[in-house]
Amino acid sequence: CLGVSALYICLAERIGLAFEIITPPGHIFMKCAAINIETTLRGVHIHDDEYLGINLIELPRRSKKEVVGMAFFNQASIYLTKSDFARAADCYKKALPFMPHDKMLKTLL
């Protein structure tokens, strides 16, 4: 979902569309005005209530800068599954300047 969302972000910025980047746990999509753009479902709107629950009372918003860090974070996950801990650590370190306050990133690093 991150790769497709990054593409949507680039396109939206290019055409001057105002948007927000939303990241419920383990996912990312865009919001334009009151419409959620589910990038993995060809832009279908899914209401906020579908994402919210007992563990999530508000949809987290991210900056474009943080999305770059999330790409490094995802790359690190791939290295972790291959037990390549040195490369995973390198990717986490690259993500850190983009996401300096992310607790999960610091924990995994």
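This is a predicted model: local features need pLDDT of at least 70, side-chain atom pairs count only at pLDDT 80 or more; totals for chains, interfaces and linings use all residues.
## Overall layout

Let's start with the parts list. The secondary structure comes to 4 helices and 4 strands. Walk along the sequence and you get the pattern α-β-β-β-β-α-α-α. As for overall dimensions, the C-alpha trace spans about 40 × 35 × 25 Å along its principal axes.

The 4 strands make an open sheet, in the order E3-E2-E1-E4, and the pairing is antiparallel. At the edges sit strand E3 (35–37) and strand E4 (61–62), each of which pairs on one side only.

Zoom in on E3 and its partner: strand E2 (residues 29–32) pairs with E3 in the antiparallel sense, over 3 bridges. Here you'll find Cys32 standing opposite Ile35 in E3. Helix H1 (residues 2–14) packs on this sheet, where it touches strand E1 (20–22), E2 and E3. The direction of H1 makes about 30° with that of E2.

## Helices H2 and H3

Now for a helix pair further along the chain. Two packed helices are described by the angle between their axes and the distance between the axes. For H2 and helix H3 (residues 85–95), the axes come within 8 Å and cross at roughly 170°. An angle over 145 degrees counts as roughly antiparallel, so that is how H2 lies relative to H3.

Which residues make the contact? On the H2 side they are Gly69, Phe72, Phe73, Gln75, Ala76, Ser77, Tyr79 and Leu80. H3 answers with Phe85, Arg87, Ala88, Cys91, Tyr92, Lys94 and Ala95. Sorted by class, the residues of this contact divide into 10 nonpolar, 3 polar and 2 charged.

## The largest pocket

By class, the pocket lining has 10 nonpolar, 4 polar and 2 charged residues.

Conventions: Residues are numbered from 1 along each chain as its sequence is written. Side-chain values use heavy atoms; hydrogens and water are left out. Ala, Val, Leu, Ile, Met, Phe, Trp, Tyr, Cys and Pro count as nonpolar, Asp, Glu, Lys and Arg as charged, and the others, Gly among them, as polar. Axes are lines fitted to C-alpha atoms, for helices over the stretch in contact, and angles run from 0 to 180 degrees between N-to-C directions. Helices (H or I, at least four residues) and strands (E, at least two) are DSSP runs, numbered from the N terminus. Angles under 35 degrees count as roughly parallel, over 145 as roughly antiparallel, 65 to 115 as roughly perpendicular and the rest as oblique. Contact means heavy atoms within 4.5 Å. Two strands pair if DSSP finds at least two bridges between them.
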